[in-house]
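Please read them with the structure on screen.

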Amino acid sequence: MLGLNSRDTKLLLLVIALVIFAPFLLNPFPTASNLGESFNAGYPALMQRFVIFGLLVIGFNLLFGLTGYLSFGHAAFLGVGSFAAVWMFKLLGYNVLPALVMSTIIAGIFSVMIGYVALRRSGIYFSILTLAFAQMMYSIAYSDLIGKFVGTPITNGETGLQVYASDPQVLQGANAPVLPHLFGLEMNSQTTLAMGGWEFTFQVGYYFAAFFLVLGFYLSIRIFRSPMGLMLRAIKSNQTRMSYTGLNSKPYMLAAFVISGMYAGLAGGLMAAMDPLTGAERMFWTASGEIVVMAILGGAGTLIGPVLGAGMIKYLENIVSKIQKDFLELWFAFLPDWLEAAVVNIIYPFVGKGWHLTLGVMFMLVIIYLPGGMVEGGQRITARFKRKKKTDAPDGAKTPAE
Amino acid sequence: MDEFLIQLLNGLDRGAAYALIALGLTLIFGTLGVVNFAHGALFMIGAFCTVTMQRFLNLSQTVIDDTQKDFLGNPLEVEVPYVQSWFGEAAGLAIQDWSVMLAIFLTIPVMLLVGYVMERGLIRHFYSRPHADQILVTFGLAIIIGEIIKYFYGANPIQTPMPSAFLGTWDMGAAFGLEANSVAYPKWRLVYFFFSALIIAAVFAFLQFTTFGMVVRAGMADRETVGMLGIDIDRRFTIVFGIAACVAGLAGMMYTPILSPHYNIGMDFLVLSFVVVVVGGMGSLPGAVLSGFMLGILQSFASLKVVTNIVPGIDQIIIYLVAIIILLTRPRGLMGRKGVMED
Amino acid sequence: MSKSNFTRRGVLKTGAVAGAALSLPTYLRADGHTGYTNAPGDSGTVKFGFNVPQTGPYAEEGLDELRAQELAVEHINGMGDGGMLNTFSEKNLDGTGILGKKVEFVTGDTQTKSDVARASAQSMIQKDGVIMVNGGSSSGVAVAVQGLCQEAGIIFMAGLTHSNDTTGKDRKANGFRHFFNGYMSGAALGPVLKNEYGTDRRAYHLTADYNWGWTQQESMQASTEAMGWETAEAVLTPVGAGDFSSYIAPVLNSGADTLILNHYGGDMVNSLTQAVQFGLKDKQVNGKDFKIIVPLYSELMAAGAGSNIEGVFGSMNWNWQLQDEGTAAFVKSFGEKYGFPPSGSAHTCYVQTLLYADAVTRAGSFRPCAVAEALEDFQFDGMGNGPTLYRGADHQCFKDVLVMKGKENPSNQYDTLEIVEVTPVEQVTYEPDHPMFGGSDASLGTCNDGA
């Protein structure tokens, strides 16, 4: 279907099903229950982040997963995309389409410039070059250095860029919503379905962003399977040999870098479309580091890995970081007092304000034991499961995880 | 002119700090071929050795003083440090005063131990893995170390005063025949500068003039051959890792009076130290030192008023700008060798 | 990729169908749709969202805010000794919750990053169903979360935010600030500095290069120049620079005799420590002793800077050493629960929570616009700051401002600052359309009740 082989089609359909039914899947517990209050993740703002960061990491994976070039400055393109989108809101109006187009284009232009320069080096030199560019852009945005030259705020520094009533908004119709919308369809309009103790929220913005995730995922499958994808993988396995055969890898690399930058720009534009305020901090190097972490955690070089990794990190950040000591005491109340205290004291440093510790530990474990990330973990489990059922062990663990 | 001289001093002092951090990082690159993103964390552990030493010297017994009241109106609990009750108040205070320097007795063993455990327990398993994996696993380790420190010491910066003997400034100008007070510089920063120079010299001398150093240098150049000569190069490299950790730790320890340590201080230095190392050239020790000083001085000059008047904000991006220019004109950094870290 | 056109259209079609389905009338919840976001309906509880930094550089401050917020909820629900409820001029809160509903709360971590703070606030609003968001430790975050609450139809009670912009050009109808601001710091410090240091001084500003720093510098410059001081130089420093030496060194020979550090948090700790190391405190310029001023103080930063703050002037919103009975009641219940005195940011969050609860009882409803109306031009006393006005025009509290000085010989670890003067409210009051606060362009917009 759509030029995909049956396995890829299944994967695509799986992703489509996942994003469509996410409001159900992410709300497994009744809304008012203790577990639901703690672990349910099916609310629009978080689901939006799942798909937007999924899209971002899919794009990053096209560069890192295929070519092995580790960009440590990808968040810069996300930030550029967001700034471009908010500027479109300010200048033209709240329709998201021009904003998304512009954010993708501007991020593309930046990635052409940075890519052209940074790709002249490889290995860690490339990483540090992208890092240097990104940090420079972050500094410029954070202190609004361009704005100081021009005399009017461009990035509006630390407070972040937002839309004011006094902005021109030349295309904003008189009756158009004063929130991001798609031809009148407001991004934050939603409908809630109550079933028993469960409540499921379906939001326009989420499905809008999810559409781009599916599109991005489809494109990434096509790129993985295209001759260009093959070329990029050749770069990863042995760039020198490739150039000996007379192939110029440079244009392919640049194309991969720019495509990946445009994915990031689109993701940034979507973030602005969901929430029309943007700040420089989403360009800081730790944000770039987070993208790398997501890709590795999910499984770099695999198709589905980036989506899983992004979901995992955002879940940790938004759900685990909110678990407080009294929640823990509630869950383990069934234990004898001394045991309860012990268990709570062991778990507590890892949740709530200590969620970074969980992140660090999990991340290290994955790198040490599962270099292929969660995808490899899943494959190992299925492989073991199948081996138990049948005697003929499949080669599941050895097939490249795609 | 005076302003220029002060910024030159400042650049040297700043550069000394950069060079010291980059030196440890380069030692690890050069010998083990490992990209250590936890180097900033090692710097931080050193800084917290000072804090620990300070806390240790301030361990107190509590005496209830009925004559004074605390903020709730209860009798005030007065803390008397043990050092003061053991050695007498004057000697005790003197010992506490020098806690930053005394921390050296804690920092060196702790850092050697941390380095040893880290290399044997973790880094060793990553020699044959791609550099990306090394970066990431050490990055994860850095997060964990930071969180552990935060768990015990909190997130607030902790004040660690320098010995009172080094308070205030030294009038460099007068010493060199300029107008009095025109070029005055804090004594502690000069101490830091000479301390860095001493450590850098010591590391170079160690590698240059000892048999151990010779073997290590040989190992850096060609590990396999040295191994084939029957030398246990791995064991030596473990020791080198310990030394590198020590250098980072000492840099952090002495830096505490300048920058109050907090759990994230390592991350703040991480990016910078990598830029310094890459500009100097991966695996080149003289390159790391040179680029540390160069970037330090450039950064100081970039904050001169005459410069910022022309290009506002240049002081904030100069380091990255220079790094980009150098990497594009000299692909392997200032003094990098061919073939290092390019795969 | 050649066929992607086809797919896109296909998916667009499905998207359009899905969109049409979603724009159908909203399904009404069983617990009654009362016309505003997260209406508590007939459930016996109501939920507050406490959004504070729990990780990152301001974690300690955020955790102190959280302690105070927990205490406030206890007092509203009738546990503990009631704290400031006993001294508050309004007596509507009787320890039975708010309008008969017990208060519950959820917490979130802002990490002092706008994006994260907004994500956390969104999760509180969408998932936990909070009726009000309170807390925070930076102006960037406050402005960002305030904007979000405005869109969502939730009341935002700002925590520690000192930038003029929060209730200036970025003011919002759903946002309220109890904390003071940069202008007030400048206005309060001016006369004290004039008394102490005279009218003939040359000030050198080092300013954190972001919005709070800019407004702080602007305010200090205006108030010092008004009393005759000259501004020698104003230099912007990168946020989180760590080593400020290359910015401090030029101060020595600039001919300035006063250094004003428009820094906060870790930056303030470092720049002040380093300025002292450069001998600035012992220096003599133009025949006068060199002086350092830190416009905004906080207890935690004072502790971080140690003995370096001795004799340095600054300002605060509130301090636990005040002698009024409201302060005494709060310090007592906080101190007895946690074992140390509360910080200024803890106080502001505590008061904000009580003020919100009181406004709801006076309005008789949790509806944001009704609550906002109850808070606007509301006058109260007994909350530690003396008679206070919540001005309706910009949702800023007007009250006395404390001028502080680093104590010379602190007797214990909490005794780092002393109160030099309580500047009366008249002296720090300004017009709502003051040019530093967005001028006549600034507007609150209209109050939003949400869905």
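Which residues does A:Gly157 touch, not counting residues up to four places away in sequence?

1. The model is predicted: local features need pLDDT of at least 70, side-chain atom pairs count only at pLDDT 80 or more, and totals for chains, interfaces and linings use all residues. Residues are numbered from 1 along each chain as its sequence is written, while chains are lettered from A and ligands numbered from 1 in the order in which they are written.

2. A:Gly157 touches A:Tyr142, A:Ser143, A:Asp144, C:Tyr210 and C:Asn211. Contact here means C-beta atoms, placed from the backbone, within 7 Å. A:Gly157 sits in the loop between α8 (145–150) and β1 (161–162) of chain A. Helices (H or I, at least four residues) and strands (E, at least two) are DSSP runs, numbered from the N terminus. A:Gly157 is buried because 25 other C-beta atoms lie within 10 Å; the cut-offs are 20 or more for buried, 12 or fewer for exposed, and partly exposed in between.

3. Chain C meets chain B through 35 residues of chain C and 32 residues of chain B. On the chain C side, α8(C) gives the largest share, six residues. That side has 15 nonpolar, 16 polar and four charged residues.

4. Chain C has domain 1 (45–180 + 320–399) and domain 2 (183–316); the bounds come from an automatic or database domain assignment. Their centres, taken over C-alpha atoms, are 30 Å apart. Each domain of chain C puts 14 residues into the contact.

Terms used. Contact = placed C-beta atoms within 7 Å. Nonpolar A, V, L, I, M, F, W, Y, C, P; charged D, E, K, R; others polar.
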